[in-house]
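Visitor: Please show me the model, and then take me through it one part at a time.

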Amino acid sequence: YKRQIGHHINTHIQKLFRMTQTQDNLMQRPTKGRQLGSLGYECITTVALTFTIGFITTAILGGTNLTLLRFVVMAAILLGVSAYYILCWTISGQSLAQKSWGLKLSNEAGATITAATASKRVILSIAFNLTLIGPALLLVAKDNQLPQDKILGTLIAADNKKRKEAL
């Protein structure tokens with residue numbers, strides 16, 4: 001029994017300290033600058049989505065009760081922005097910002113994540129990134145991974161596929 005526990009702990013320790021790479025060596029650990037640049041771009045994308053969804057919802061509902069309008073607009077923004085990230089992460093593993101910065105989200109096996117994992121990542125991203133805890137912890141992280149990815153067992157990797165094809 002002690003041997004099984006020791007092996008289990010050793011396996012988790014090895015996972016924490018290993019390099020982020022897939023079998024085809026095209027995915028590597030991203031730099032902190034790339035991660036932070038992508039987070040900044042994600043903020044711009046999220047603000048643009050927020051304004052667009054808010055404008056469309058307000059235009060549709062028009063002169064309804066102001067309290068009801070606020071609630072519906074906030075719910076539409078939350079659902080719309082969440083749907084954007086969930087779809088991006090489950091279909092291609094990349095949001096617009098991640099694609100621009102050459103980053104890709106995957107599970108530990110290198111496959112795209114499930115909708116349930118993407119939903120959890122959205123919730124954790126809101127909690128960590130709006131409070132700036134996520135970017136702060138990224139600055140001190142040795143593996144250059146955000147806290148939501150460490151919690152969920154997902155990985156952000158530098159996607160050097162295009163770069164290798166060009167060489």
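**A walk through the fold**

Visitor: Leaving aside its neighbours within four places in sequence, which residues is serine 106 in contact with?
Guide: Contact means heavy atoms within 4.5 Å. With neighbours within four places in sequence set aside, serine 106 is in contact with Ala111, Ile113, Thr154 and Leu155.

Visitor: What kind of model is this?
Guide: Residues are numbered from 1 along each chain as its sequence is written, and side-chain values use heavy atoms, leaving out hydrogens and water. Local features need pLDDT of at least 70, side-chain atom pairs count only at pLDDT 80 or more, totals for chains, interfaces and linings use all residues, and the model itself is predicted.

Visitor: How many helices and strands does the protein have?
Guide: Helices (H or I, at least four residues) and strands (E, at least two) are DSSP runs, numbered from the N terminus. From that end the elements run α-β-α-α-α-β-α-α-α-β-α. The count is 8 helices and 3 strands.

Visitor: Does serine 106 count as buried or exposed?
Guide: Serine 106 lies in strand 2. Buried means under 20% relative accessible area, exposed over 50%, and partly exposed in between (1.4 Å probe, protein chains only). Serine 106 has 4% relative accessibility, so it counts as buried.

Visitor: Which elements do the buried residues of helix 3 pack against?
Guide: The buried residues of helix 3 are Leu69, Val73, Ile77, Val81, Ser82, Tyr84, Tyr85, Ile86, Cys88 and Trp89. One of them, tryptophan 89, has contacts beyond four places in sequence that include Gln94, Leu105, Ala118 and Val122. As a group, the buried residues of helix 3 pack against helix 2, helix 4, strand 2 and helix 5.

Visitor: How far apart in space are valine 81 and valine 47, C-alpha to C-alpha?
Guide: Valine 81 is found in helix 3, and with 12% relative accessibility it counts as buried. Not counting residues up to four places away in sequence, valine 81 touches Thr46, Leu49, Thr50 and Ile53. Valine 47 is 34 residues from valine 81 in sequence, but in space their C-alpha separation is 9.4 Å.

Visitor: What distance separates the C-alpha atoms of glutamine 94 and leucine 105?
Guide: Glutamine 94 sits in the loop between helix 3 and helix 4, and at 11% relative accessibility it counts as buried. Among the residues that glutamine 94 touches, beyond four places in sequence, are Cys88, Trp89 and Asp159. Along the chain, glutamine 94 and leucine 105 are 11 residues apart; their C-alpha atoms are separated by 6.2 Å.

Visitor: How far does helix 2 reach from its first C-alpha to its last?
Guide: Helix 2 spans residues 32-61, which is 30 residues. The expected span of a helix is 1.5 Å times one less than its number of residues.

Visitor: Are helix 2 and helix 6 roughly parallel or antiparallel to each other?
Guide: Axes are lines fitted to C-alpha atoms, for helices over the stretch in contact, and angles run from 0 to 180 degrees between N-to-C directions. Helix 2 and helix 6 have axes 10 Å apart, at an angle of about 170 degrees. Angles under 35 degrees count as roughly parallel, over 145 as roughly antiparallel, 65 to 115 as roughly perpendicular and the rest as oblique. Helix 2 and helix 6 are therefore roughly antiparallel.

Visitor: Which residues in helix 6 do Lys32, Gln35, Leu36 and Leu39 meet?
Guide: These four residues belong to helix 2. Their partners in helix 6 are Pro135, Leu138, Leu139 and Val140.

Visitor: What separation do the C-alpha atoms of leucine 146 and phenylalanine 128 have?
Guide: Leucine 146 is in the loop between helix 6 and helix 7 (147-152), and at 3% relative accessibility it counts as buried. Beyond four places in sequence, leucine 146 is in contact with Gln35, Leu39, Arg121, Gly134 and Leu138. Phenylalanine 128 is 18 residues from leucine 146 along the chain, and the C-alpha separation is 8.9 Å.
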